[in-house]
Amino acid sequence: MTAPILYAGCGIILFSIGLHALLVRRHLLRKILAANIMGSGVFMLFIAAGARGEGTAADPVPQVMVLTGIVVSLCFTAVAIALAVRIHNLTDCTTLAVDEESSID
Amino acid sequence: MTEILLGQHWFFWMTLVPLGAAVVAFLIPQQARWIGLATALLLPFFALAAIAATLTAEVQPITGGGWPTPLGIELRRDGLALVMLTVTAVVGFIISCYALGYFPARGHHSSRARYFWPLWLFLWGSCNALFVSGDLFNLYVTLELVTLASVSLIALEGGKAALTAALRYLFIGLFGSLAYLLGVGIFYGAYATVDLALLGDIITGTSLDHAAMALMVAGLVLKSALFPLHFWLPQAHAMAPAPVSAVLSALVIKCSYVILLRLWFEVFVSLDTVAVGHLLGLLGSVAIIWGSLLALRQERLKLLIAYSTVAQIGYLFLVFPLARNETMATAWVGGVLLMMTHACGKAAMFMVAGTIHHTAGSDRISRLAGAGGPIGVLVVVFTLAATTIIGLPPSGGFFSKWLFINAALVTGQWWYLPIILSGTLLAAGYVAKVLGWAFLDVKRSSYPVIPWVMKWPPLVLSVIALLFGLIAYEPVQIALLGAPVSGPIFMEAGP
């Protein structure tokens with residue numbers, strides 16, 4: 001087992017853990033954390049994808065992509081937290097309510 | 001003079017101008033309306049100039065920062081990008097006019113107007129950037145920009161229901177794009193490139209490639225709300241203010257679909273896609289029937305239109321099983337045509353629903369009883385727009401379904417025929433349900449006066465959607481410029 005494979009495997013495991021939590025957990029903050037962990041898993045895979053064999057320098061392009069990806073994920077986290085705080089202030093609720101069918105008016 | 005005009009990098013400006021205008025509109029909120037309207041006026045002309053430049057002049061390739069292609073970012077200037085930019089410009093202009101009336105400058109909702117314009121211009125610029133992107137990672141970034149702007153627009157209403165719908169849409173969007181990004185990472189690890197054309201040439205079809213394809217398709221299907229992953233769409237689309245619903249249904253859904261279309265015909269060509277195509281076709285078929293049935297059952301106009309979008313997305317996904325060897329071009333053109341007409345028709349329908357909600361005080365369909373008299377104009381606009389959703393000639397919807405049926409017959413996949421036909425029948429059913437209520441013989445005269453910008457712009461779009469079949473030849477020729485498909489376009493095929 002080489003290092004890049006190990007990194008990529010761990011990335012996919014992180015992605016799966018995050019995915020599980022995103023689907024199963026109901027608390028909004030946990031969901032937001034889960035999405036961040038999913039993102040970290042993907043970034044780890046990208047870093048592993050830049051490996052170019054023993055002794056050669058790593059490909060810098062995926063690392064640049066990860067930097068961009070971190071910026072995107074930061075924006076998403078900020079918007080998600082803002083929305084979650086607003087929902088909490090309005091409803092005293094920390095989960096996504098299910099019964100919005102009746103409140104469109 | 002003409003040479004100078006044609007030599008401009010119009011594709012580049014179509015992305016940059018709305019993004020710049022969004023920043024300006026955010027900084028000067030008092031003038032946001034006029035900045036938005038000025039941008040909306042400019043962009044259709046930019047789109048025309050881009051078409052003229054592509055058709056007549058030899059344009060230099062545009063690369064970001066002047067870096068050579070593998071490293072630099074090259075803009076795609078093919079037919080698909082051109083038609084999508086043009087449709088977005090036309091629909092966007094009409095929606096902007098409508099929004100002037102929907103978000104009045106004064107009154108207790110003026111803060112919504114203040115945030116609507118920057119976000120809408122930001123979304124517009126991101127959509128344009130997505131259409132001209134030619135590599136996997138840029139597509140990811142632009143798709144995220146589109147999602148971020150859409151989430152904020154859904155939350156514009158500010159109530160509990162709108163915020164919940166926005167946050168749910170955000171989680172769905174994140175999940176979809178991270179799955180897509182994981183696929184991008186796998187492709188980069190294997191081939192060290194993210195350029196669509198380059199990747200399509202060197203892809204070999206290992207099992208890892210198929211895993212990446214599965215991840216990307218799943219992510220994009222979730223974002224385009226194909227059955228059974230459509231659960232988030234009706235709430236998100238019905239909860240938003242009317243101009244936002246129109247944007248989401250007409251344009252945002254098409255963004256992830258355009259990416260899938262590009263990937264399918266450029267990158268996945270040497271992969272084994274027959275089974276995946278059949279799966280997408282099956283899901284599309286279920287979406288057509290299920291979406292139409294649920295639309296028939298809705299009691300609220302906006303939810304009815306949202307479920308109708310679910311059904312129309314089903315049609316879009318029929319492209320994948322139907323595009324085989326000789327029918328490649330037929331199915332592809334059908335899909336592109338449907339995207340264009342659905343954008344016009346659905347935007348007009350959502351705008352009409354918004355105006356009706358505004359005047360009748362509720363968007364319950366039963367409240368429409370007798371509306372055919374006092375707000376008859378709106379009902380007529382709704383009907384005209386609905387012809388393309390049903391697929392009556394001469395609308396563009398009719399021609400795209402015709403092309404799908406021909407492709408199904410040529411490839412011997414007859415089972416798509418009853419699906420397409422029953423979808424049409426059900427669509428006629430839910431439109432007739434709305435019209436039935438509207439023309440009930442009930443006397444009502446209590447409707448307030450509607451500002452003209454909320455009445456006439458949707459009419460323009462619905463007329464475009466209705467007559468699109470008659471003028472479809474030119475757009476189709478433009479769309480086929482540099483298209484990844486070739487072959488005859490079957491207009492009348494025997495089994």
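**Exercise 1. Determine how many residues of chain A and of chain B are in contact, and which helix of chain A gives the most to that side.**

Solution. In this predicted model, 33 residues of chain A are in contact with 30 residues of chain B, where contact requires C-beta atoms, placed from the backbone, within 7 Å. Helix 1 (3-24), helix 2 (28-49) and helix 3 (60-91) of chain A each supply at least two residues of the side that touches chain B; helices here are DSSP runs (H or I, at least four residues) numbered from the N terminus. Helix 3 of chain A gives the most, with 15 residues. By class, the side of chain A that touches chain B divides into 23 nonpolar, 5 polar and 5 charged residues. Ala, Val, Leu, Ile, Met, Phe, Trp, Tyr, Cys and Pro count as nonpolar, Asp, Glu, Lys and Arg as charged, and the others, Gly among them, as polar.

Two conventions apply throughout: residues are numbered from 1 along each chain as its sequence is written, and chains are lettered from A in the order in which they are written. As the model is predicted, local features need pLDDT of at least 70 and side-chain atom pairs count only at pLDDT 80 or more, while totals for chains, interfaces and linings use all residues.

**Exercise 2. Describe how helix 3 of chain A and helix 7 of chain B cross.**

Solution. The axes of helix 3 of chain A and helix 7 (residues 160-191) of chain B come within 10 Å and cross at roughly 165 degrees. Axes are lines fitted to C-alpha atoms over the stretch in contact, with angles from 0 to 180 degrees between N-to-C directions. Helix 3 of chain A is therefore roughly antiparallel to helix 7 of chain B, a label given to angles over 145 degrees. Among the residues that make the contact are A:F76 and A:L83 of helix 3 of chain A, and B:L167 and B:L174 of helix 7 of chain B. The contact has 15 nonpolar, 3 polar and 2 charged residues.

**Exercise 3. State which residues have the most contacts inside the largest nonpolar core.**

Solution. The largest nonpolar core has 232 residues, and those with the most contacts inside it are B:V91, B:I154, B:A166 and B:A347. Such a core is a set of buried Ala, Val, Leu, Ile, Met, Phe, Trp, Tyr and Cys residues joined through C-beta atoms within 7 Å. Helix 15 of chain B gives the most to this core, with 21 residues. The axes of helix 15 (residues 328-360) and helix 19 (residues 452-467) of chain B come within 8 Å and cross at roughly 155 degrees. These two helices of chain B are therefore roughly antiparallel to each other.

**Exercise 4. Locate B:A225 and A:D92, and decide whether each is buried or exposed.**

Solution. B:A225 lies in the loop between helix 9 and helix 10 of chain B, and has a positive phi of about 60 degrees although it is not a glycine. B:A225 is buried, with 27 other C-beta atoms within 10 Å. A:D92 is found in the segment after helix 3 of chain A and also has a positive phi of about 60 degrees. With 7 C-beta neighbours inside 10 Å, A:D92 counts as exposed. A residue is buried if 20 or more other C-beta atoms lie within 10 Å of its own, exposed if 12 or fewer, and partly exposed in between.

Key
Parallel < 35°, antiparallel > 145°, perpendicular 65-115°, else oblique. Contact = placed C-beta atoms within 7 Å.
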